[in-house]
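Take a walk through this fold with the coordinates open.

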Amino acid sequence: MQTAIQLTLTSLQIGAVYILFSLGLTLIFGVMRIVNFAHGHLFAVSALAVAWAVPWLAANGLPILPAYLLAAVGGIAVAMALGLLMYVSGFRFFQRDMVGSFILSIGLVLLLDGVLLKVFGGAVRPVPEIFPGTISIFGAAITNQRFALCIAAILITASLYWALTRTKLGKALRAVSIDHEAAMLQGIPYNRMALAGFMIASGLAALAGALIAPVTIVSPVIGADYLIKGFIAVIVGGLGSVPGAILGGLFVAAIETFGSFYFDPSSATVAIFFLVIAVLLVRPKGLLGHG
């Protein structure tokens with residue numbers, strides 16, 4: 001029983017990052033009907049900025065928690081600036097164009113891979129522990145750092161869901177996602193909503209990168225693995241569906257965690273791809289997809 005609780009807590013911690021990452025992907029697809037393969041690089045830029053800045057700030061006498069918070073704000077700002085540049089210089093010309101946006105995003109992936117390797121080098125960058133110690137939940141142990149990550153991810157996800165269902169901007173984004181032509185006839189500015197959706201998605205990727213940096217080893221290629229798992233999550237849950245992204249992220253994390261423990265990581269990865277195949281055969285639009 002304690003083992004099951006421990007694995008559940010671990011899958012929730014992994015799923016928290018997958019959810020934040022997947023929410024950005026599904027939001028971009030829902031509003032703009034494009035798939036952004038460069039989304040993982042926004043995640044990586046934020047994580048790399050945190051991994052570079054925290055040790056530097058701490059070495060200059062700043063306490064570790066303020067150093068992390070300051071670095072996280074800086075990393076998120078840099079990632080969102082990159083997201084804005086990607087939108088203004090590229091994606092705004094390929095709205096609702098799957099083929100054009102696919103080619104553009106692949107080009108951006110190759111470009112940003114080279115830029116990140118040039119700027120940060122190929123070495124991994126550990127981040128000092130922000131919240132030392134562990135806590136016990138029903139007999140299972142979880143580090144304070146990972147617990148804080150889960151709480152932050154839950155609060156961010158809940159805030160996004162509330163904003164999409166209760167605020168004027170959120171309702172406009174949902175309207176554009178359902179039928180952009182009808183939304184435009186009602187006076188909703190589509191281009192403005194596309195920019196808002198892209199920037200919110202960029203912010204979610206940046207937040208996920210800043211949160212995961214202290215609990216993993218950061219490198220310029222960190223975004224690639226999360227990109228694959230994020231896409232699997234939104235495919236399973238349903239492209240364009242926010243609840244689907246949450247459900248898909250939890251599914252992928254649970255299979256990865258329990259499969260790796262009871263079998264091995266390779267078997268868990270194979271099981272994740274079998275899950276995608278099974279879902280697409282039964283429900284081609286995903287478990288909660290409707291678009």
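**Loops, then helix packing**

R96 has a relative accessibility of 29%, so it counts as partly exposed (buried means under 20% relative accessible area, exposed over 50%, partly exposed in between, with a 1.4 Å probe and protein chains only). The model is predicted: local features need pLDDT of at least 70, side-chain atom pairs count only at pLDDT 80 or more, and totals for chains, interfaces and linings use all residues. Residues are numbered from 1 along each chain as its sequence is written, and side-chain values use heavy atoms, with hydrogens and water left out.

R96 sits in the loop between helix 3 (64-89) and helix 4 (98-120). Helices here are DSSP runs of H or I, at least four residues, numbered from the N terminus. The phi of R96 is positive, near 60°, and R96 is not a glycine. Most residues other than glycine have a negative phi. R33 also has a positive phi, about 55°, without being a glycine. Look for R33 in the loop between helix 1 and helix 2 (39-59).

Now go to helix 5 (residues 144-166) and helix 6 (residues 168-178). Their axes come within 5 Å and cross at roughly 80°. Axes are lines fitted to C-alpha atoms over the stretch in contact, and angles run from 0 to 180 degrees between N-to-C directions. Helix 5 and helix 6 are therefore roughly perpendicular (65 to 115 degrees). Which residues of helix 5 meet helix 6? They are A163, L164, T165 and R166, and they meet K168, G170, K171, L173 and R174. Contact means heavy atoms within 4.5 Å. Ala, Val, Leu, Ile, Met, Phe, Trp, Tyr, Cys and Pro count as nonpolar, Asp, Glu, Lys and Arg as charged, and the others, Gly among them, as polar.

Stay on helix 6. G170, A172, L173, V176 and S177 are buried there. Down the axis of helix 6, the buried residues fall within an arc of 160°, so they line one face. The arc is that of the directions from the helix axis to the C-beta atoms. K168 and I178 are exposed on the other side of helix 6. The cover over the buried residues of helix 6 includes helix 1 (2-32), helix 5, helix 7 (180-185) and helix 8 (190-212).

Finally, follow helix 1 to helix 10 (residues 242-262). Their axes come within 7 Å and cross at roughly 140°. By class, the contact of helix 1 with helix 10 has 17 nonpolar, nine polar and one charged residues.

Note on methods:
Helices (H or I, at least four residues) and strands (E, at least two) are DSSP runs, numbered from the N terminus. Angles under 35 degrees count as roughly parallel, over 145 as roughly antiparallel, 65 to 115 as roughly perpendicular and the rest as oblique.
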